[in-house]
Amino acid sequence: MAMTSRREFLQQIGVATASALPLIRSATHAAPARAGDIRLGYAAITWGGNDEQAIADISALGFPGIQLRASVLTKFGTQPAALRDLLAQHQLTFVALSSGNVSIDPAAEARVIDEHVAHAKFLRDGGGLYLQLIDERPAGRAVEAGDAQRLGQLLTEIGKRTAEVGIPVAYHPHMGSIGERPNEIEHVLDASDPKYVKLLLDVAHYQVGGGDPVSAIRRHADRLLFLHIKDVRRPIRETPPSYEFVELGRGSVDLPGVFAALRDVHFRGWAIVELDEVPDHARTPKDAAAISKRYLEDVIRVPVS
């Protein structure tokens, strides 16, 4: 690696590297896992739209990848090359763009498809890899049996169109969406074409929705495109039930088990650490990211950089 920059190296190996890198051991399991199997990035969501500060801070902490939200389009929407250059200066891979919600309202279908295809083109031109899609629960009514079927078909159509510009789609099951609980997620995945719709597993959202993220990794190993590594504390109060996303190691997600499962299924790709907002407002987003980095390196024994 001394002869090439980190960015050049990443471009050479992509997300499917099989290079022989040093062996590490997980926090609770003896079997070795290669450091290069999982690439760790960090999500800019914690910075609340201050994307340039997020880029600087995430790079300074040594994370090699970043996930950006659609807020980045405000400044860079017409100049994706400028974003690509900025990320290159900070030695960051543009892992994913949070493309926004997918409405299953038939009246909105054309607009929804066009919007996400446009985002995919921006992502491609900005040097990015994956497009994240979250579904939008229908307003004013309960979720019906046919909603998952329609959502799966719409995700497939978007995935076909973005594939034409070289960008794969990852469906992100999420609290407050059609794909909230494990059985609902299964219905959406079954209704979509696995060739065009991959899975972004957020381990904390999946747990809050009533599922076991360790089991989900094993069950959906062949469909995993990338992950959100996240922790959650609950209950904050009993009535109404509540939860709070926290820095890694400060919640209840079995993160050692998550990384052991990723090793066991031979996952090679990106895992994005995500924290929606800093739970202790005395800390900055960078402070919170540093806490999660220390947990990954000291407890999980996975190097970040």
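This is a predicted model: local features need pLDDT of at least 70, side-chain atom pairs count only at pLDDT 80 or more; totals for chains, interfaces and linings use all residues.

Colleague: OK. What do the strands 3-4-5-6-7-8-9-12 form?

Modeller: They make a closed barrel of eight strands, in that order, with parallel pairing. On average, neighbouring strands of the sheet are turned by 30° against each other, ignoring direction.

Colleague: And which helix packs on the sheet at strand 5 and strand 6?

Modeller: That's helix 5, residues 109-125, which touches both of those strands. Its direction makes about 175° with that of strand 5.

Colleague: Let's look at strand 12. How many bridges does strand 12 have with strand 3?

Modeller: Five, in the parallel sense, between residues 38-43 of strand 3 and residues 269-273 of strand 12. Ile38 stands opposite Gly269, and Tyr42 has Val273 as its bridge partner.

Colleague: What about strand 9 and strand 12?

Modeller: Strand 9, residues 224-229, pairs with strand 12 over three bridges, again parallel. There, His228 is partnered by Ile272.

Colleague: Is strand 12 mostly covered or mostly open?

Modeller: Mostly covered: five of its five residues are buried.

Colleague: Now Asp254. Where is Asp254?

Modeller: In the loop between strand 11 (244-246) and helix 10 (255-264). Asp254 has 42% relative accessibility, so it counts as partly exposed. Setting aside neighbours within four places in sequence, Asp254 contacts Gln207 and Val214.

Colleague: How far is Asp254 from Ala204, C-alpha to C-alpha?

Modeller: 9.5 Å, though the two are 50 residues apart along the chain.

Colleague: Last topic, helix 11. Does its length agree or disagree with what its residue count predicts?

Modeller: It agrees: helix 11 has 16 residues (285-300), so at 1.5 Å a residue it should span 22 Å, and the end C-alpha atoms are 21 Å apart.

Colleague: Which residues of helix 11 are buried?

Modeller: Ala288, Ala289, Ala290, Ile291, Ser292, Tyr295, Leu296 and Ile300.

Colleague: And what follows helix 11?

Modeller: Arg301, with a positive phi near 65°.

Technical notes
Residues are numbered from 1 along each chain as its sequence is written. Side-chain values use heavy atoms; hydrogens and water are left out. Helices (H or I, at least four residues) and strands (E, at least two) are DSSP runs, numbered from the N terminus. Buried means under 20% relative accessible area, exposed over 50%, partly exposed in between (1.4 Å probe, protein chains only). Contact means heavy atoms within 4.5 Å. Two strands pair if DSSP finds at least two bridges between them. Axes are lines fitted to C-alpha atoms, for helices over the stretch in contact, and angles run from 0 to 180 degrees between N-to-C directions. The expected span of a helix is 1.5 Å times one less than its number of residues.
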